[in-house]
Amino acid sequence: MIQYQKASDVQDLAFSIVNSLELAHIKKEKLHFYRSFGSRSRYTRARIHGLSRIWNDALVMDPLYIIEVIAERYDDLPPHEKEKVIIHELLHVPRGFSGGFVSHGPALSKHRIESLHQAYHESFKDQVPA
Ligand SMILES: [Zn+2]
């Protein structure tokens with residue numbers, strides 16, 4: 001059985017990325033972060049969940065997203081890889097924060113993730129005192 005735990009480390013990383021890359025469409029208060037244990041998926045390191053619009057309507061709530069990292073696949077990654085995994089998941093959130101997803105394709109290309117990852121690191125360079 002899969003166990004879930006809130007993941008404040010993932011939240012900290014994701015918020016840092018959202019702030020640095022100025023992903024203004026992402027409503028941080030509507031993002032939730034979990035770490036799962038015991039998943040059988042062999043290759044997935046993280047995934048993003050949302051509710052379909054009919055659920056949001058029935059529950060009378062705004063869209064929200066959950067980013068789940070799979071402990072067995074994510075926790076041992078080096079920091080740079082974790083950052084890219086979280087950038088990838090954040091890119092699944094569409095501009096309208098509608099509850100839907102941006103699918104795999106040009107918007108989530110390896111090239112785009114690499115360049116955003118680089119921009120993320122460059123955003124720190126400015127803050128280092130000379
Ligand atoms: Zn994906």
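Begin by selecting His-121, which sits in helix α5; helices here are DSSP runs of H or I with at least four residues, strands are runs of E with at least two, and both are numbered from the N terminus. The model is a predicted one, in which local features need pLDDT of at least 70 and side-chain atom pairs count only at pLDDT 80 or more, while totals for chains, interfaces and linings use all residues. Residues are numbered from 1 along each chain as its sequence is written, and side-chain values use heavy atoms, with hydrogens and water left out.

With His-121 still selected, note that at 27% relative accessibility it counts as partly exposed, where buried means under 20% relative accessible area, exposed over 50%, and partly exposed in between, for a 1.4 Å probe and protein chains only. Not counting residues up to four places away in sequence, His-121 touches His-80 and Glu-83, a contact being heavy atoms within 4.5 Å.

Next, display α1 and α5 together. Their axes come within 9 Å and cross at roughly 80°, the axes being lines fitted to C-alpha atoms, for helices over the stretch in contact, with angles from 0 to 180 degrees between N-to-C directions. The two helices α1 and α5 are therefore roughly perpendicular, a label given to angles of 65 to 115 degrees, whereas those under 35 count as roughly parallel, those over 145 as roughly antiparallel and the rest as oblique. Leu-13, Ser-16, Ile-17 and Ser-20 of α1 make the contact with Tyr-120, Ser-123 and Phe-124 of α5.

Colour Ile-86 and look around it: beyond its sequence neighbours up to four places away, Ile-86 touches Val-10, Leu-13, Ala-14, Ile-17, Ile-67, Val-69 and Tyr-74. Ile-86 is also one of the residues that touch the most other members of the largest nonpolar core, which has 29 residues; such a core is a set of buried Ala, Val, Leu, Ile, Met, Phe, Trp, Tyr and Cys residues joined through side-chain atoms within 4.5 Å.

Then select the zinc ion. Its protein donors are His-88 (NE2), His-92 (NE2) and His-104 (NE2), at 2.0 to 2.1 Å; donors are N, O and S atoms within 2.8 Å of the metal (3.2 Å for Na, K and Ca), and water is not among the atoms, so sites may look incomplete. The donor spacing in sequence is H-x3-H-x11-H. Because His-88 lies in helix α4 and His-104 in the loop between α4 and α5, the pair ties together parts that are 16 residues apart in sequence. C-alpha to C-alpha, His-104 and His-88 are 9.6 Å apart, and His-104 counts as exposed at 60% relative accessibility.

Phe-97, in the loop between α4 and α5, has a positive phi of about 50° although it is not a glycine, and at 2% relative accessibility Phe-97 counts as buried. Glu-22, in the loop between α1 and β2, has a positive phi near 50°, but Glu-22 is exposed, with a relative accessible area of 67%.
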